[in-house]
Amino acid sequence: MSDPATVLVLGARGRLGAAVTRAFAQAGWQVAAQVRPGAGSLPVIPNVRWVQALPWETETLAQAAGHAPVVVQGLSPAYTHPAWRRDWPRLAEAGIAIGRRLGATLMLPGNVYNYGRAMAAVLREDTPQQADTVKGRIRVQLERQLAEATADGSLRAVVLRAGDFYGAGTGTLLDLVVAKTLPQGRVSWPAARMDV
């Protein structure tokens, strides 16, 4: 019987990272779960080994991940325009660097900001990205950075496209706006103009 596969999850204590960590572990994968140094009390989860390292400490992460064929980029900056402009390029490069170092497939959670307000009802791989918000344009640049990193064949990558509803806990448009009044039998829909 072969050893179970290993996945490296960057940002394993975040909303998405925590959900991905648990899902892979429950599916029988060994999970190298990256958290920042000094992360404090970490839960004991079968198949999960916590790795306290910064995202750009590529060699430390590579040693902890072994021959992981998959890296999940669960890192995300604070939800502000300045943080996205400042932090996304560096976080993306950290994921690219460890993906290349391991020869792994890098999985990047995507959203639909890239498509702008005129977004088609059904999105396909070739749907034009016409971002018309600050965060949308940053996401387009981020995915372009990822595509360029795969051009020479040293990295494989997948963008997992969905809305803003990944993970568990609170803090998304879904629980803060849309479903906030669901217990009272109502849902809210955001106004047509939102600058995300």
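Is N47 buried, partly exposed or exposed? At 29% relative accessibility, N47 counts as partly exposed, because "partly exposed" covers the range between buried (under 20% relative accessible area) and exposed (over 50%), worked out with a 1.4 Å probe on protein chains only. You'll find N47 in the loop between strand 2 (30–35) and strand 3 (48–52). There's something else to notice here: N47 isn't a glycine, yet its phi is positive, at about 75°. Most residues other than glycine have a negative phi.

Before we go on, a word about what you're looking at. This is a predicted model, where local features need pLDDT of at least 70 and side-chain atom pairs count only at pLDDT 80 or more, while totals for chains, interfaces and linings use all residues. Residues are numbered from 1 along each chain as its sequence is written, and side-chain values use heavy atoms, with hydrogens and water left out.

Now step back to the whole chain. It has 5 helices and 6 strands; helices here are DSSP runs of H or I with at least four residues, strands are runs of E with at least two, and both are numbered from the N terminus. Starting from that end, the elements read β-α-β-β-α-β-α-β-α-β-α. Of the 196 residues in the chain, 41% are buried.

One of those strands is strand 4 (residues 70–73), and Q73 sits in it. With a relative accessible area of 2%, Q73 is buried. What does the side chain of Q73 reach at 3.1 Å? It reaches the backbone nitrogen of L75. A polar atom of the Q73 side chain also lies 2.7 Å from the backbone oxygen of L91. Both are polar contacts, meaning pairs of N or O atoms within 3.5 Å; within protein, one atom must be able to donate a hydrogen and the other to accept it, and residues adjacent in sequence count only if both atoms are side-chain atoms.

Helix 3 (81–102), strand 5 (105–110) and helix 4 (134–150) each give at least two residues to the lining. The lining of this cavity has 6 nonpolar residues, 1 polar and no charged. In this scheme Ala, Val, Leu, Ile, Met, Phe, Trp, Tyr, Cys and Pro are nonpolar, Asp, Glu, Lys and Arg are charged, and the others, Gly among them, are polar.

Helix 4 and strand 6 (156–161) are the elements that give two or more residues to its lining, and helix 4 supplies the largest share, 6 residues. The lining has 16 residues, with E125, Q129, E143, V159 and R161 nearest the pocket's centre. This lining divides into 8 nonpolar, 3 polar and 5 charged residues.

Back in strand 5 you'll find T105. T105 is buried at 17% relative accessibility, and its side chain makes a polar contact with the side chain of R156 at 3.1 Å.

Finally, the rings. There are 4 aromatic pairs, where rings of Phe, Tyr and Trp (its six-membered ring) pair if their centres lie within 6.5 Å; planes under 30 degrees apart are stacked, over 60 edge-to-face, and the rest tilted. One of them joins F24 and W29 edge-to-face, 4.9 Å centre to centre with 75° between the planes. F24 is buried at 17% relative accessibility, while W29 is partly exposed at 23%. Y79 and W84 also pair edge-to-face, at 5.8 Å and 85°. Here Y79 is partly exposed at 47%, whereas W84 is buried at 4%. Ring pairs link Y79, W84, W88 and Y113 into a cluster. K135 lies over the face of Y79, 4.4 Å from the ring centre, and also over the face of W84, at 5.7 Å. For a charge to sit over a ring, NZ of Lys or CZ of Arg must be within 6 Å of the ring centre and within 35 degrees of the ring normal.

Notes. 1 Å grid on protein atoms, 1.4 Å probe; cavity = no way out; pocket = protein on both sides within 12 Å on 5 of 7 lines; lining within 4 Å.
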